[in-house]
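Thanks for making time this morning.

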Amino acid sequence: MPMNQTTPKAALAGIIASTSLLGALAPTAASAQLVLDGQVKVEVAHNDGTGINTKRIRGSFSGNVWNDFGMQLDIGVGKHENHTSTQPSATLHIWHEASDTLTWGGFLASEDRRPGSSYFWGLEAAYKTPTFGIGGYAAYRDDVAETTDGSRVGLDISYTLASAPRWTLLAGAASDSGAPVDRSYAYLGTRYELRDGVALGMTVGSTDQNDTIIGANFTLNFGNGPKFAARDSLELYPGYR
């Protein structure tokens with residue numbers, strides 16, 4: 001391997017180290033008060049077209065580090081039944097809370113995908129009220145150890161029912177372009193809050209391969225939850241062939 005080539009494991013380590021360093025420096029900044037928010041998510045998905053299942057666990061940890069600026073780290077690992085090894089991933093978000101309802105920022109995601117590994121450099125924004133939320137992102141994909149690249153875009157929407165506030169309706173879509181990763185996925189879903197911060201969810205989606213994906217997940221939020229969703233493939237394409 002060339003000396004100047006960064007491996008996915010090194011990138012993951014760098015993301016974690018950067019977050020730890022900035023977290024350590026945060027208390028010295030004026031007006032900084034580091035309060036940790038986040039989420040733990042466990043998800044299983046079944047591809048009805050291929051019979052393949054995927055399983056994944058992911059943790060997201062977010063906090064303000066200076067005035068209205070903050071950082072979020074997502075760390076996940078999943079298993080695709082077609083592959084013998086697991087698929088680790090990490091995403092580092094740097095965000096600015098423009099108002100009580102609007103947050104924008106940038107992110108760097110690294111994933112050890114089968115086959116291949118990639119970095120994603122992107123921009124993102126999220127608007128959220130007590131009942132309605134919408135978020136979107138766009139990223140450039142850089143394939144490790146390959147000359148290929150591409151892009152990734154997506155959108156997620158949520159709506160909490162006023163008449164039944166424990167129920168939230170979900171919808172979203174993601175699309176990757178640029179060989180060898182050309183794919184898309186759209187879904188509808190629902191989430192039921194068992195108690196504050198604890199919820200069960202279910203999604204049904206369709207891929208560009210005309211496969212139907214059925215997913216179920218358990219989420220545990222702490223604090224105010226994460227600012228953004230994770231941006232790796234198993235988060236965005238559960239059960240994809």
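Strand 4 (86–97), strand 5 (102–112) and helix 2 each give at least two residues to the lining of the largest cavity, where helices (H or I, at least four residues) and strands (E, at least two) are DSSP runs numbered from the N terminus. What we have here is a predicted model, in which local features need pLDDT of at least 70 and side-chain atom pairs count only at pLDDT 80 or more, while totals for chains, interfaces and linings use all residues. Residues are numbered from 1 along each chain as its sequence is written, and side-chain values use heavy atoms, with hydrogens and water left out.

By a cavity I mean, on a 1 Å grid over the protein atoms alone, a set of points where a 1.4 Å probe fits but cannot get out, and lining residues have an atom within 4 Å of a point. Volumes are the space filled by probe spheres set on the points, which are joined across faces, edges and corners. Two cavities of 30 Å³ or more turn up in the whole structure, and the largest holds about 60 Å³ of space. Strand 4 supplies the largest share of its lining, three residues, and the residues around this cavity include R56, E111, D112 and D232.

The second largest cavity, with about 30 Å³ of space, has a lining that includes E43, T54, R56 and P238. Strand 1 (37–47) and strand 2 are the elements that give two or more residues to that lining.

R56 also takes us to the charged pairs. A salt bridge here is a side-chain nitrogen of Lys or Arg within 4 Å of a carboxyl oxygen of Asp or Glu, and the whole structure has eleven of them. How far apart are N and O where the side chains of R56 and E235 meet? The distance is 2.5 Å. R56 lies in strand 2 (residues 53–66) and E235 in helix 2 (residues 233–236), so the pair ties together parts that are 179 residues apart in sequence. Both R56 and E235 are buried, that is, under 20% relative accessible area, with exposed meaning over 50% and partly exposed in between (1.4 Å probe, protein chains only). Salt bridges also link K41, E43, R56, R58, D232 and E235 in a network.

Lastly, R241 forms a salt bridge with D211, with 2.7 Å between the closest N and O atoms. R241 counts as partly exposed because its relative accessibility is 44%, whereas D211, at 3%, counts as buried.

How values were computed. 1 Å grid on protein atoms, 1.4 Å probe; cavity = no way out; pocket = protein on both sides within 12 Å on 5 of 7 lines; lining within 4 Å.
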